[in-house]
Amino acid sequence: MPVNSMTAKEVAKKVVNKESFFILDVRNEDAFQDWKVEGENVQYLNIPYFDLLDGVEEILPQLPQDKEVLVVCAKEGSSIMVADMLSEEGMTVSYLQGGMKAWSEHLDPVKVGDLKDGGELYQFVRIGKGCLSYMVVSNGEAALIDATRMTEVYMDFAQEIGAKITHVFDTHLHADHISGGRKIAETTNATYWLPPKDAQEVTFDYQPLEEGQDVTIGNTTINIQPLYSPGHTIGSTSFIVDDTYLLSGDILFIDSIGRPDLAGLAEDWVGDLRDTLYTRYKELSDDLIVLPAHFMIMEELNEDGSVSEKLGTLFEKNHGLNIEDETTFREMVTGNLPPQPNAYQEIRETNMGKINPDEEKQREMEIGPNRCAVR
């Protein structure tokens with residue numbers, strides 16, 4: 001039987017469409033347990049590649065005979081070899097092209113909605129990493145929010161829709177992934193905006209993002225209103241776009257809330273986090289559509305693969321927004337922190353401009369799941 005390759009885009013489509021398929025992951029058990037291709041109707045078997053060097057005969061009874069098997073490894077090579085062995089046994093089999101590195105880097109643009117004055121808002125879903133970034137488009141100009149390091153995806157998309165990137169924003173200094181904001185701004189000659197309280201150690205020029213500013217995109221002023229919302233970082237800033245969308249950065253997610261410890265200041269910042277969520281956000285309209293900078297579990301995806309929910313619904317259903325006692329809230333947040341992101345200190349230093357790792361090193365630094373949330 002021939003061995004087929006399956007791209008990260010094709011796998012992402014299967015996940016979003018909730019298709020049933022089977023994954024044989026041949027990475028080491030610790031890597032598999034930490035992070036894998038996830039989906040509502042995905043079945044798994046994890047057998048390390050080194051256990052299969054003598055053949056695949058022993059695992060054949062554990063594999064389905066009625067559906068295609070997708071073999072996954074870190075970079076691709078091991079999965080091709082295992083897929084070849086399974087093919088020789090008569091199985092229908094594919095391998096993930098580029099491995100988990102490709103899965104980590106894949107971005108899908110999804111249109112979130114139209115703006116009142118003829119613009120559009122797009123969400124870029126990095127399904128393997130849980131990162132979400134945004135492009136606001138109006139009259140041939142575009143603003144980017146929380147762009148990843150896969151900068152060509154945004155620039156190519158802007159070119160496809162006939163828009164020029166004029167403004168680039170980061171809601172905060174990211175610690176779990178490397179921002180592409182500064183690179184895109186330099187390439188396109190756009191203005192790069194950062195919250196000044198998060199930018200005290202950066203080594204480059206930026207425009208300070210402060211509350212009360214509006215930014216004009218195209219011929220129309222779209223009200224991208226910064227809303228100072230500390231808690232995940234001291235400078236975390238939210239945006240209200242077109243009086244309709246709340247871009248919440250890493251403060252509020254659909255199923256969880258932001259962690260306050262990635263600068264080592266959990267006890268100091270947990271109060272800011274609560275004040276932002278329970279006071280400042282509470283004053284906003286329940287009809288605002290929350291668009292976060294990350295998602296944590298596949299159940300947060302809508303049917304079209306986007307991630308969003310009305311603020312009022314989150315105040316009803318998100319556990320992190322419904323802890324009345326402040327002491328209980330503090331204990332929940334500081335006592336329930338997940339493992340910190342891989343290489344998060346190096347990622348912070350990269351985003352400050354203090355270090356400049358090559359592309360392969362940047363890939364290694366980012367490997368792993370989203371770890372920005374507290375559930």
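**Rings and cores: group meeting talk**

Okay, let's start with a charge: Lys36 lies over the face of Phe32, at 5.1 Å from the ring centre. By that I mean NZ of Lys or CZ of Arg within 6 Å of the ring centre and within 35 degrees of the ring normal. Arg274 does it too, with its charged end over the ring of Tyr278, 4.1 Å from the centre.

Quick housekeeping. This is a predicted model, where local features need pLDDT of at least 70 and side-chain atom pairs count only at pLDDT 80 or more, while totals for chains, interfaces and linings use all residues. Residues are numbered from 1 along each chain as its sequence is written, and side-chain values use heavy atoms, with hydrogens and water left out.

Now, ring on ring. How many aromatic pairs does a search of the whole structure find? Nine. The rule is that rings of Phe, Tyr and Trp (its six-membered ring) pair if their centres lie within 6.5 Å, with planes under 30 degrees apart stacked, over 60 edge-to-face and the rest tilted.

Take Phe169 and Trp193: the centres are 5.7 Å apart and the planes are at 20°, so this pair is stacked. Phe169 is in strand E10 (residues 164-169) and Trp193 in strand E11 (residues 191-194), so the pair ties together parts 24 residues apart in sequence. Strands here are DSSP runs of at least two residues, helices (H or I) of at least four, numbered from the N terminus.

Buried or exposed, then, for Phe169? Buried, at a relative accessible area of 1%, and Trp193 is buried as well, at 9%. Buried is under 20% relative accessible area, exposed over 50%, partly exposed in between, using a 1.4 Å probe and protein chains only.

Phe169 also pairs with Phe239: centres 5.2 Å apart, planes at 65°, so that one is edge-to-face. Phe239 sits in strand E16 (residues 237-241), 70 residues from Phe169, and Phe239 is buried too.

Elsewhere, Tyr122, Phe124, Tyr154 and Phe157 make up one aromatic cluster.

Last bit: cores. A nonpolar core is a set of buried Ala, Val, Leu, Ile, Met, Phe, Trp, Tyr and Cys residues joined through side-chain atoms within 4.5 Å. The largest has 63 residues, and those with the most contacts inside it include Trp103, Ile127 and Phe329. Helix H1 (residues 8-16) gives the most to this core, five residues. Apart from that core there's another, of 25 residues, with Tyr122, Phe157, Leu173 and Leu194 among them.
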